[in-house]
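Please keep the structure open as you go.

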Amino acid sequence: MSESQQTLAESTELEGVGVHTGQPATVRFVPADPDTGIRFRRVDLDGTPEVRASLDSVSDTELGTTLADGAAEARTVEHLLSAIAALEIDNVVVEMSGPEVPILDGSFRPFLDALGGVGVVEQDRPARIWELSKPLSVDGPNGGHYVAAPADDFRVSATIEFDHPMIRRQFASFNVDETFSDELAPARTFGFLRDKDALQEKGLALGASLDNTIVLDDEGLLEQQELRFPDEFVRHKIGDLVGDLAVLGGRVRAHIVAERPSHAGNFELAQAIRGSARRGAEGRVDITKIMEYLPHRFPMLLVDRIVDFETGKRIVGIKNVTINEPFFQGHYPGHPIMPGVLVIEGMAQAGGLLLMDVIDNPEDKVVYFMTMDKVKWRRPVVPGDQLVFELDMLQFRRHVCRMKGQAFVDGQLAAEAELMARIVDR
């Protein structure tokens, strides 16, 4: 298992139809620079807009995962992302001829074969790895439930249950790093004939056929089809989960135990992992080091630790909120809520630490914030919460920068803003 970022050795292309749109669809995979991540580029639209494979881009999870950012939309991305994750490809641009990824034969195998066929190459940056320090659990929709536990590799154990004689209750467990190609990649998507009309009235499953979907009537499989595995259904659900977790923007090292997984539930699991996990240990900075760079002191120092950073690109910090915070005395007695402006202040302090890492003699500098735009508060922050501040550098010129910041509690977005700051001498 490589610890370095990887991209494709050369470009490759696949074409087919979209399972929901029923329209021709082509995807071309292009090598990308370190820290690019996975990006979908709509070459059919003016300006070729892009959407990143990230949690914040997930716009819909009905019968597939859809990513969107402005005019750029990428539908049914989970099979493609699953193959990318299995091959540990960190950086790639996926050029799309339309809004949907082709379904091909309904499995992950065609994507895996195409990408593996051109090979991957290592890059000179460490890979982003999501690791858990303690177990977490998440309730998903329709009785779904997930537990994620610390592990040295990536394993998924899943149980599904459908009131159908070909499925009933199925369980499977696989080490994704070791067995994806043989045990998971061939597993195809499936659907029920009784749902066909209702789905097509909603504009879904317009491209579904016996060539790309296991179709079940009330008694069993349609006569023309055969299963590749007796438990092909649960195997496909595991593959979908692997693809959905790829929107974390890094490799996962955990044991996921899933009961009745779904795309919506997988998304909630990814949010919880982001809120509690750390991406490697090399970026950890404790409070002693923070105080060397930030001039703030009690009661205005609002960052306890930096848990991850990429020089000049991204930083993740945490703030443990306790009832001992002085502002709770007046905000509000009997109903303590952290002032929203202080949530943004903590976010800004974490962003200031990101800037300190890209200049010379940071101990002689201070960061002044100039503007805040697109500020939104999504949920209250109360005693006992742990705030996770995530900031990405948008632009940096002549000691002036723009950053996008988000604050999370338990994987749920609590606040967001775009910040502009200037670095000046103390």
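1. Let's begin with a charge and a ring: Arg194 lies over the face of Phe192, 4.6 Å from the ring centre. A charge counts as over a ring if NZ of Lys or CZ of Arg is within 6 Å of the ring centre and within 35 degrees of the ring normal. Arg235 likewise lies over the face of Phe229, at 4.0 Å from the ring centre.

2. A word on the source: this is a predicted model, in which local features need pLDDT of at least 70 and side-chain atom pairs count only at pLDDT 80 or more, while totals for chains, interfaces and linings use all residues. Residues are numbered from 1 along each chain as its sequence is written, and side-chain values use heavy atoms, with hydrogens and water left out.

3. Phe192 also belongs to a cluster, linked by ring pairs, with Phe162, Phe190 and Phe233. Rings of Phe, Tyr and Trp (its six-membered ring) pair if their centres lie within 6.5 Å; planes under 30 degrees apart count as stacked, over 60 as edge-to-face and the rest as tilted. The whole structure holds 6 aromatic pairs. Phe162 and Phe190 are edge-to-face, because their centres are 5.6 Å apart and their planes at 85 degrees. This pair joins strand 14 to strand 16 (residues 190-192), 28 residues apart. Helices (H or I, at least four residues) and strands (E, at least two) are DSSP runs, numbered from the N terminus.

4. Is Phe190 buried or exposed? Phe190 is buried, at a relative accessible area of 14%, whereas Phe162 is partly exposed at 26%. Buried means under 20% relative accessible area, exposed over 50%, partly exposed in between (1.4 Å probe, protein chains only). Phe190 also pairs edge-to-face with Phe233, at 5.0 Å centre to centre and 90 degrees between the planes. Since Phe190 lies in strand 16 and Phe233 in helix 5, the pair ties together parts 43 residues apart in sequence.

5. Finally, strand 14 (residues 154-162) pairs with strand 18 in the parallel sense over 6 bridges, and Thr159 stands opposite Glu259. Strands pair if DSSP finds at least two bridges between them. Strand 13 (residues 145-150) pairs with strand 18 in the antiparallel sense, also over 6 bridges.
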